[in-house]
Structure formats: structure tokens, C-alpha cells
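Here are my notes on this model. Please read them with the structure open.

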Amino acid sequence: MVFLGILLLYFFYNPSNSYYFPQCPFLTATGYYCTGCGSQRALHDLLHLDIMGVAKHNLLFIPAFLLIAYHWVRSYTPLKNKKSFPDIIYHPKTPIVLFILISLFTILRNIHLYPFTLLAPE
């Protein structure tokens, strides 16, 4: 129920134009974008089906959303034979790959040169 309330809040209020939403503490303290910077605006855009807006605010939001959706479908969808569902994410090296991708994304989005500026949230 709380999750639905949060989704309704982000649907009806744009974090870009509202002071109700918290600011990123990492950005406020350091002046650098964290991995999640722009995610509130990306969620608002996703709820309005604006995929380009999602990509402009946080490009990593799309694969993260797909990864969470994959996990949810794999875990909570009733299947007669769970072994028939392909296991493409749960691999022993997945955490290492994710850590490297997230670290690179965070570093590259803070470089103030084109094309890296495309990764910074608008």
C-alpha cells in the first residue's frame, strides 16, 4: 500500500518542480553526481511513459528497472517448472560485473567533457 502511495506521489508531482522531494545528499555535500542522481525525475518520467526523459535523467535507471522486473517475475510468478525459466542473471560473477558497471557509470557521468556529459542528469 505504501508502494502504491509513493508511485501516486511521483505520478502527480514532478520532482523537478516540487520542493517536497529530498535532494541528493551526496550531490549536496560533494558537488558530484552519485549513481542515483536523477532517479526521482526518471521515475516520474517512467510513470508517464516518457522513456527519453528517463534516459536523460538517469540512463542506468532503465537497466536497473529491467533487472528488478526480471527478479520479480522470476521470484513471484507461479510456474509449473521453475527450471524451464532461463537463469540469465543469477551467475556467480554478476555482482562483480554490476559493481564495475555502476562504478564506471558514476565516474563517467562526472567527467565534464562530451560525450560523458550525456550521462549527467538534466
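1. Start at F61. Setting aside residues up to four places away in sequence, F61 touches S39, A42, L43, L46 and V54. Keep in mind that this is a predicted model.

2. Next, the core. F61 is one of seven residues in the largest nonpolar core. Helix α3, residues 39-47, contributes the most, with three residues. As a general point, nonpolar side chains in soluble globular proteins tend to be buried together.

3. Now α3 itself. Its buried residues are A42, L43, H44, D45 and L46. What do the buried residues of α3 pack against? Three helices: α1 (2-12), α4 (51-57) and α5 (61-76).

4. Check the backbone just past α3. There, L49 takes a positive phi of about 60°.

5. Then look at Y13. This residue lies in the loop between α1 and α2 (25-30). Is Y13 buried, exposed or partly exposed? Its relative accessible area is 41%. Buried means under 20% and exposed means over 50%, so Y13 counts as partly exposed.

6. Last, the partners of Y13. Leaving aside neighbours within four places in sequence, Y13 is in contact with F21 and H44.

Terms used:
Residues numbered from 1 in each chain as written. Predicted model: local features only at pLDDT ≥ 70, side-chain atom pairs only at ≥ 80, totals over all residues. Heavy atoms only, no water. Core = buried A, V, L, I, M, F, W, Y, C linked by side-chain atoms within 4.5 Å. Buried < 20%, exposed > 50% of the residue type's maximum accessible area, 1.4 Å probe, protein only. Helix = DSSP H or I, 4+ residues; strand = E, 2+ residues; numbered from the N terminus. Contact = heavy atoms within 4.5 Å.
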